[in-house]
Amino acid sequence: MEWTSRGVVLTTRKHGENDIILEALTLDHGRHLGLVRGGRSQRNRPFLQPGNELDLTWKARLPDHLGHFQLEAQTLRAGELMTTAIGLASLQHLAFLLRLLPERHPYPHLYDALNVVLEHLDEPDAAAALLIRFELELLRDLGTGLDLEACAATGQKDDLVYVSPKSARAVSREAGKPYHDKLLPLPSFLVDGQRQAGSELTWTDVTQGFELTSFFVSRHLRERDGTDGGTREQVMSALERRYRESFPWNFPD
């Protein structure tokens with residue numbers, strides 16, 4: 001068995017004295033594991049850092065075997081990502097999220113989205129929006145996607161400000177007003193056409209976006225007796241520090 005595909009390093013773990021087991025999200029074969037012989041060598045170690053994009057060739061005698069990877073560097077961004085709190089926290093969080101998906105099933109749109117997120121983690125507002133949208137895409141692939149196109153009660157497509165925790169559908173301001181305390185806030189940047197182009201993403205937008213995705217990810221975990229690794233809180237903490245530095249007017253005394 002043999003295939004070649006691009007892949008982004010998610011995690012590695014030691015295997016014996018010189019080898020490692022690599023977990024990567026690949027373009028054509030989804031989240032995939034494989035042995036890298038000599039992965040702890042000085043030559044290979046810089047390539048096998050989370051966030052790096054590699055050309056990977058996987059070989060195994062049978063398709064259900066662990067197999068082993070041969071690799072060639074493509075985009076080495078780990079050094080830059082691991083110098084910031086947002087980069088470190090986001091790498092751990094993205095790996096946690098992707099581990100919710102079954103192994104060896106291709107998700108090419110998530111692969112492309114992952115690379116976009118990794119390329120913009122040095123921009124706090126862009127990073128926050130992209131991470132939240134990545135979680136929404138992941139929820140869709142988990143079978144619990146949100147429908148934010150129109151109000152679940154009236155069918156209208158404007159002034160959508162809530163999400164129903166039961167149906168995972170958007171709700172308009174007027175229809176949701178009597179149930180305000182039971183609905184989840186829907187930040188305008190997640191609804192096409194509701195946010196003015198070029199307007200700044202506020203910290204309230206960020207917290208509401210993560211509260212929304214967190215609710216449905218947590219529900220998915222509970223249904224499968226899974227646990228939250230606490231990685232989202234680390235991302236939120238790192239983003240808040242950067243937001244306070246970059247956009248202090250978002251945090252009035």
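Biologist: A salt bridge here is a side-chain nitrogen of Lys or Arg within 4 Å of a carboxyl oxygen of Asp or Glu. In this predicted model, what is the N to O distance between the side chains of Arg140 and Glu137?

Modeller: Arg140 and Glu137 both belong to helix 4, where they stand three residues apart, about one turn of the helix. Arg140 is partly exposed, with a relative accessible area of 44%, and Glu137 is likewise partly exposed, at 28%. Their side chains meet in a salt bridge whose N to O distance is 2.7 Å.

Biologist: Which residue forms a salt bridge with Arg173?

Modeller: Arg173 lies in helix 5 (residues 173-176), and its partner sits in the loop between helix 4 and strand 6, so the pair ties together parts that are 14 residues apart in sequence. With the closest N and O atoms 3.0 Å apart, the partner of Arg173 is Asp159.

Biologist: What is the phi of Asp159, given that this residue is not a glycine?

Modeller: Most residues other than glycine have a negative phi. Asp159, which is found in the loop between helix 4 and strand 6, has a positive value instead, its phi being about 55°.

Biologist: Is Ala168, another residue with a positive phi, buried or exposed?

Modeller: Ala168 lies in the loop between strand 6 and strand 7, and it has a positive phi of about 60° although it is not a glycine. Because its relative accessible area is 5%, which falls under the 20% cut-off, Ala168 is buried.

Biologist: Which element gives the most residues to the largest nonpolar core?

Modeller: The largest nonpolar core has 63 residues, and those with the most contacts inside it are Leu98, Leu114, Leu146 and Leu186. Elements that give two or more residues to this core include strand 1 (2-15), helix 2 (85-98) and helix 7 (231-246). The element that gives the most, with nine residues, is helix 4.

Biologist: Which residues does Leu114 touch, not counting residues up to four places away in sequence?

Modeller: Leu114 is among the residues with the most contacts inside the largest core. Leaving out residues up to four places away in sequence, Leu114 touches Val8, Leu10, Leu25, Leu94, Leu98 and Phe134.

Biologist: What is the relative accessible area of Ser90?

Modeller: Ser90 is found in helix 2, and, not counting residues up to four places away in sequence, it touches Leu121, Leu131 and Val235. Ser90 is buried, with a relative accessible area of 0%.

Notes
Residues numbered from 1 in each chain as written. Predicted model: local features only at pLDDT ≥ 70, side-chain atom pairs only at ≥ 80, totals over all residues. Heavy atoms only, no water. Core = buried A, V, L, I, M, F, W, Y, C linked by side-chain atoms within 4.5 Å. Buried < 20%, exposed > 50% of the residue type's maximum accessible area, 1.4 Å probe, protein only. Helix = DSSP H or I, 4+ residues; strand = E, 2+ residues; numbered from the N terminus. Contact = heavy atoms within 4.5 Å.
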